[in-house]
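Hi,

Here is the structure I promised to pass on.

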Amino acid sequence: MPLPPESDLQRWLDSATEAALAAGAVLQHHWGNLTTIDEKGRSGDLVTEADREAENAVMAVLERHVPANHGILAEESGAVRDQASGLLWAIDPLDGTTNYTHQYPFCAVSIGLLAEGEPVLGVIYDPIHRDLFRAAKSLGATLNRRPIQVSTTDQLAQSLLVTGFAYDRRETPDNNYAEFCHFTHLTQGVRRGGAAAIDLAYVACGRLDGYWERGLSPWDITAGVAIVREAGGQVTGYDGAPLDVMSGRLLATNGHIHQTMSQTLGKITPLVLPALT
Ligand code: IPD
Ligand code: CA
Ligand code: CA
């Protein structure tokens, strides 16, 4: 499928922005004022009325503005439309729910568009800092309407990285603990932000130099991948192979430290923690 024309991408970028700002207003409204915090199955995987209402706000805008043959995959309601057109919207109404419930101020609305599985457009809105990250293929990447670029750091020893730990970390040896130790040792530091969309947005604007994580869903990363790439960064699988957004695993960097990070990830063996009583 050819890339949608620029005029369509620009229009859908504006619709996604309207949707992200509407959901952001919901998140601002409920901040510090939640009445329901439920677990979705796995321990620690939370959902609140803010997640649900923010998703409704996104859907209301997209249903008004995007063609009926676009697929929509939204975290809280699942696949709500099928994707005959090859275009699929991936929506996380609140990325960083755990942070949100603790009023730890790192969370975002993330709205991305996949064309035949490739991220081509993204909007990430952080309603606490009021940071709006946007990009669409060939149209550039911006933060609050100003162009952004990835950092120029080319040495791992001078880099600041970020990662995260999936909700299944206690059930799998593929828990990312060994990777976290190694990169902490080799860099100026590794942050654990707690919101994949913000992690990617911060790589895009150069606040961070690289990000890796596993156990992610398409709604966590589609928007962020589009934004990092348009800001000049590189996003692949851990091994440097083309990204598969359905694999849940990605390495996103400023490009300069990509190969070194990929090689390092390839050498690490899992760290299984003994049970503590
Ligand atoms: C989570 C966040 C977190 C990542 C998890 C995601 P949620 O999304 O992005 O940083 O480590 O894997 O599931 O549940 O807050 O939308
Ligand atoms: Ca998420
Ligand atoms: Ca979420």
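How many salt bridges does the structure hold? The count is eleven. Keep in mind while you browse that this is a predicted model.

Now zoom out to the domains. The protein splits into domain 1, covering 6-147, and domain 2, covering 156-267. Their C-alpha centres are 20 Å apart. How many residues are in contact between the two? On the domain 1 side there are 42, and they touch 28 residues of domain 2. Together the domains bury about 2600 Å² between them, with carbon and sulfur atoms giving 65% of that area. Within domain 1, the residues that lose the most area to domain 2 are Arg42, Pro119 and Phe133, which together make up 20% of what that side buries.

Some charged and polar pairs also cross this interface. Two salt bridges are found between domain 1 and domain 2. Seven residue pairs are in polar contact between the domains.

Which parts of domain 1 do the touching? β5 (87-95), α3 (97-102), β6 (108-115), β7 (118-126), β8 (131-136) and β9 (140-143) each supply at least two residues to the side that touches domain 2. The largest share, eight residues, comes from β7. Sorted by class, that side of domain 1 has 21 nonpolar, eleven polar and ten charged residues.

Last stop: the aromatic rings. Searching the whole structure turns up seven aromatic pairs. Take Phe165 and Tyr177: their ring centres are 5.8 Å apart and their planes are at 50°, so this pair is tilted. Phe165 lies in the loop between β11 (160-163) and α4 (177-186), while Tyr177 is in helix α4, so the pair ties together parts that are twelve residues apart in sequence.

Cheers

Key:
Residues are numbered from 1 along each chain as its sequence is written. Chains are lettered from A and ligands numbered from 1 in the order in which they are written. This is a predicted model: local features need pLDDT of at least 70, side-chain atom pairs count only at pLDDT 80 or more; totals for chains, interfaces and linings use all residues. Side-chain values use heavy atoms; hydrogens and water are left out. Domain bounds come from an automatic or database domain assignment. Contact means heavy atoms within 4.5 Å. Buried area is the accessible area (1.4 Å probe) that two parts lose on being put together, summed over both. A salt bridge is a side-chain nitrogen of Lys or Arg within 4 Å of a carboxyl oxygen of Asp or Glu. A polar contact is a pair of N or O atoms within 3.5 Å; within protein, one must be able to donate a hydrogen and the other to accept it, and residues adjacent in sequence count only if both atoms are side-chain atoms. Helices (H or I, at least four residues) and strands (E, at least two) are DSSP runs, numbered from the N terminus. Ala, Val, Leu, Ile, Met, Phe, Trp, Tyr, Cys and Pro count as nonpolar, Asp, Glu, Lys and Arg as charged, and the others, Gly among them, as polar. Rings of Phe, Tyr and Trp (its six-membered ring) pair if their centres lie within 6.5 Å; planes under 30 degrees apart count as stacked, over 60 as edge-to-face and the rest as tilted.
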